[in-house]
Amino acid sequence: MRLLVTGGAGFIGANFVHQTVAQRPDVTITVLDSLTYAGNRASLDPVADKIDFVHGDIADMDLVDELISGVDTVVHFAAESHNDNSLNDPWPFVQTNVVGTFSLLQAVRRYDVRYHHISTDEVYGDLELDDPERFSESTPYNPSSPYSATKASSDLLVRAWTRSFGVRATLSNCSNNYGPYQHVEKFIPRQITNLIDGVRPRLYGEGRNVRDWIHVDDHNSAVWAIIEKGRIGQTYLIGADGEQNNKAVVGMILEAFGRPADDYDAVTDRAGHDLRYAIDSSLLRDELGWTPSYRDFRSGLEATVQWYRDNEAWWRPQKATTEKNYAAQGEATL
Ligand code: NAD
Ligand code: DAU
């Protein structure tokens, strides 16, 4: 298989490339990534001699046409991915997530190339804390933030291109990922690297918000199950039954550093902050036989803490700028 991976220098994409190189020697990989602030060439260092890397933009239609004419399958991870940034400056989210996806869809349509679209559970909006229902493939779209609205828009483009033009596409909407190579702007790496620097974790509001955590390797094994066995036109929700509220996660990270679970700062809450995400992944499990390997969140989190301790050279260059951006966006201790 000749595979084009967009966004392969980002968190999930880089882990996907590592997993694919390790487990599927028959797959030839080209990564297309524009190396935004969130992309890091160093994340691909362990596999650099096993892949082709193209530095370019998914919205560059000529480049995308040329690359897609030479592959069988596209997995599309590239995106602007951070909610807080989308509140501060939404335009790059529209450009990359909507226009960039359009560019890819036109090319896969032209060359009849199999396409898998990576998306998020945030397209469904949020749930009440006590809602017995979880998100499923039939939950109506109701995105809250500019980020999730652009991801929802891109999903709808994929569905339309599948129905109207016969594009051979599948979609997946996954919950919150954790693991190695995640940018220090995101919740878990931010708190780990703060603690390595002797700074208290920063919890938005009261920390009641619930996220449904999944290890990035489990997300990526599910993506492979869908590429190989998924039904064309079908959406699959990916989740590993990992609901935790933010306060509990901060408490576990603090414990990994031998600090009391309440040794954090409450800071300004996110505007429009989604309360709870929760995934029902029955379709993926029952139809494709997928199951997650990481079943104990605490031990997966401890391994992630250790990865950031061991790989300071990877994250250090981004840390000061990231914290400066949060301060510039008005984050303050409550
Ligand atoms: P990330 O921000 O870590 O990486 C995004 C990558 O895309 C970076 O390497 C960046 O350089 C690249 N990129 C951005 N704009 C580009 C453009 N115009 N052209 C080419 N490359 C570009 O993101 P992530 O957390 O790895 O997320 C990957 C995908 O998974 C996204 O589509 C996101 O919506 C989705 N997703 C993420 C999560 C999560 O918890 N992180 C959960 C569900 C779904
Ligand atoms: O649900 C999937 C989504 O998960 C993906 O689509 C997004 O790309 C990914 O960024 C993630 O979105 P969240 O907004 O849930 O992730 P984030 O890491 O930004 O925040 C997780 C939770 O932690 C959220 O409730 C906000 C809170 N938070 C975040 C930061 C950065 C804090 O309390 N303190 C922080 O410093």
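**A walk from a ligand shell through a sheet**

Thirteen nonpolar, 14 polar and four charged residues make up the shell around ligand 1 (Ala, Val, Leu, Ile, Met, Phe, Trp, Tyr, Cys and Pro count as nonpolar, Asp, Glu, Lys and Arg as charged, the others, Gly among them, as polar). This is a predicted model, in which local features need pLDDT of at least 70 and side-chain atom pairs count only at pLDDT 80 or more, while totals for chains, interfaces and linings use all residues. Residues are numbered from 1 along each chain as its sequence is written, and chains are lettered from A and ligands numbered from 1 in the order in which they are written.

Let's stay with ligand 1 for a moment. Of the 31 residues around ligand 1, the nearest are G7, G10, A38, G39 and A79 (a residue is near if its C-beta atom, placed from the backbone, lies within 6 Å). At least two shell residues come from each of α1 (11-23), β2 (28-33), α4 (91-111) and β5 (114-120) (helices, H or I with at least four residues, and strands, E with at least two, are DSSP runs numbered from the N terminus). Helix α1 gives the largest share, three residues.

Now look for the open sheet of seven strands, which pair in parallel in the order β3-β2-β1-β4-β5-β6-β11 (two strands pair if DSSP finds at least two bridges between them). Strands β3 (52-55) and β11 stand at the edges with a single partner strand each, so one side of each has no neighbour in the sheet. From one strand to the next, the twist averages 20°.

Strand β1 (residues 2-6) runs parallel to β2, joined by five bridges, and R2 has T28 in β2 as its bridge partner. Strand β6 (residues 169-174) also runs parallel to its partner β11, through four bridges, with L171 opposite T235.

In a regular strand the side chains alternate between the two faces of the sheet. You can follow this in β11 (residues 235-238), where T235 and L237 point one way and Y236 and I238 the other, and all are buried (20 or more other C-beta atoms within 10 Å of a residue's own).

Helix α1 lies across β1, β2 and β4 (73-76), at about 170° to β2, and α4 lies across β1, β4 and β5, at about 170° to β4 (angles run from 0 to 180 degrees between N-to-C directions, with axes fitted to C-alpha atoms, for helices over the stretch in contact).

Helix α4 also packs against α2 (residues 61-68), at an angle of about 35° and with the axes 9 Å apart. Here M61, V64, D65 and I68 in α2 meet α4 residues including L104, A107 and Y111 (contact: C-beta atoms, placed from the backbone, within 7 Å).

Which residues come closest to ligand 2? They are S81, T120, K186, F187 and Y204, out of 19 that surround it. Two or more shell residues come from each of α6 (187-196) and β8 (202-204), and β8 supplies the largest share, three residues. This shell has four nonpolar, eight polar and seven charged residues.

Finally, visit helix α8 (residues 246-256), where N246, V249, V250, G251 and I253 are buried. Their cover includes α6, β8, β12 (243-245) and α10 (297-310). After α8 comes G258, with a positive phi near 70°.

How values were computed: Buried ≥ 20, exposed ≤ 12 C-beta atoms within 10 Å, placed from the backbone. Contact = placed C-beta atoms within 7 Å.
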